[in-house]
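Visitor: Hello! I have never looked at this structure before. Could you walk me through it, one question at a time?

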Amino acid sequence: MTTVELPSADRVAERAREILTALEADPEFPAFKAASLRYNEDWTCFSGGPVISEYDQAADAAPLFIEGLRALCLKAAVFEATGDERAAEIPVAVPVDEMTHAMIAQPQILARITARVGAQIIHQTDQEHTDWTRDDYTHQAYRAAWGEPPSRYWITHDEVTRRLGILRERYEAAGFRRMGLAHNITFGPVAV
C-alpha cells in the first residue's frame, strides 16, 4: 500500500475555506441545510451525538451542521490536492462525523451543489477515521482555516471511548445492547 503525502495544513485550510464559501453561496444551500437538520424519530444514533454532555438534538443540530460542513470541506480539499480517497478520510470527531452522515443522506441536492462548486465530497464508512485527537493533521488544518474547533463537538477519540463506556452501561441497564443495535424489550400481545 502506497502512502500519499498530505498537503500542508495551511494549503488545505485555504482551499477548505474557499469550498465552504462557495457551498454556502449556492442557491440550493438553504434547502440542503434544512434537509440535513431534519432530525426526527426516524433518525437516531446511540453513539454519535449522545457522546456530547447534556446532548439535545434541537439545540445542537445547527452548531453540529457547521462543524460537519467544515469537516467535509477539509476532506474535499485533501482529496483535491491528493486525488486519493483514503488520504482524504482524515480523522474527524465522532459527533461531527455523525452530522456528516445526515448531510450525505441528501445525495441528489449535495451532488448538484458540489458539481456547481467544483468540489468532491469524500466519505465512505469503511474508510472513515473517527480517531480525531488534538494537534493531529485535521486539527492543524481546522485551526488554520477557522481557529480552534469547539470542544463541545470536537471530542478526542480517547474521551469518546470513555463516554461510550458510560453510555453502554446505561443503555444496557435500560435493556439496550450493542449500543442500541439490539434490545431486550418485549412489547406484549398485539392490540386488536
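Here are some questions and answers about this predicted model.

Visitor: Is the crossing of α1 and α7 left-handed or right-handed?

Guide: The residues that meet there include Ala13, Ala16 and Leu20 in α1, and Ala141, Ala144 and Ala145 in α7. By class, this contact has ten nonpolar, one polar and two charged residues. As for its hand, the crossing of α1 and α7 is right-handed.

Visitor: How is α3 placed against α7: parallel, antiparallel, perpendicular or oblique?

Guide: The axes of α3 and α7 are 11 Å apart, and the angle is about 110°. An angle of 65 to 115 degrees counts as roughly perpendicular. So the name for α3 against α7 is roughly perpendicular.

Visitor: Which residues of α3 meet α7?

Guide: On the α7 side, the contact is made by Tyr137, Thr138, Ala141, Tyr142 and Trp146. By class, the contact of α3 with α7 has six nonpolar, one polar and two charged residues. On the α3 side, the residues are Glu67, Arg70, Leu74 and Val78.

Visitor: Where does alanine 141 lie, and which residues is it in contact with beyond its neighbours within four places in sequence?

Guide: Alanine 141 lies in helix α7 and is buried, with a relative accessible area of 0%. Leaving aside neighbours within four places in sequence, alanine 141 is in contact with Ala9, Val12, Ala13 and Leu74.

Visitor: Now the aromatic rings. What kind of pair do phenylalanine 29 and phenylalanine 65 form?

Guide: A search of the whole structure finds six aromatic pairs. In the pair of phenylalanine 29 and phenylalanine 65, the centres are 5.9 Å apart and the planes are at 55°. Planes under 30 degrees apart count as stacked and those over 60 as edge-to-face, so this pair is called tilted.

Visitor: What kind of ring pair do tyrosine 142 and tryptophan 146 form?

Guide: These two residues are four apart in helix α7, about one helical turn. Tyrosine 142 is buried, at 1% relative accessibility. The ring centres are 5.3 Å apart and the planes are at 65°, so the pair is edge-to-face.

Visitor: Which residues do ring pairs link into a cluster?

Guide: Tyrosine 142 and tryptophan 146 form a ring pair. Through ring pairs, these two belong to a cluster with two other tryptophans. Its members are Trp132, Tyr142, Trp146 and Trp154.

Visitor: What covers the buried residues of α5?

Guide: Helix α5 (residues 94-104) is mostly covered, with nine of its eleven residues buried. Among them are Val94, Pro95, Met99 and Met103. What covers these buried residues includes α2, α3, α6 and α8.

Visitor: Is glutamate 54 buried or exposed?

Guide: Glutamate 54 sits in the loop between α2 and α3. Its phi is positive, about 50°, although it is not a glycine. Exposed means over 50% relative accessible area, so at 77% glutamate 54 counts as exposed.

Visitor: And how does aspartate 135 count: buried, partly exposed or exposed?

Guide: Aspartate 135 is in the loop between α6 and α7. Phi is positive here too, near 70°, in a residue other than glycine. With a relative accessibility of 48%, aspartate 135 counts as partly exposed.

Definitions and conventions:
Residues are numbered from 1 along each chain as its sequence is written. This is a predicted model: local features need pLDDT of at least 70, side-chain atom pairs count only at pLDDT 80 or more; totals for chains, interfaces and linings use all residues. Side-chain values use heavy atoms; hydrogens and water are left out. A crossing is left-handed if the near helix is turned anticlockwise from the far one by less than a right angle, and right-handed if clockwise. Contact means heavy atoms within 4.5 Å. Ala, Val, Leu, Ile, Met, Phe, Trp, Tyr, Cys and Pro count as nonpolar, Asp, Glu, Lys and Arg as charged, and the others, Gly among them, as polar. Rings of Phe, Tyr and Trp (its six-membered ring) pair if their centres lie within 6.5 Å; planes under 30 degrees apart count as stacked, over 60 as edge-to-face and the rest as tilted. Buried means under 20% relative accessible area, exposed over 50%, partly exposed in between (1.4 Å probe, protein chains only). Axes are lines fitted to C-alpha atoms, for helices over the stretch in contact, and angles run from 0 to 180 degrees between N-to-C directions. Angles under 35 degrees count as roughly parallel, over 145 as roughly antiparallel, 65 to 115 as roughly perpendicular and the rest as oblique.
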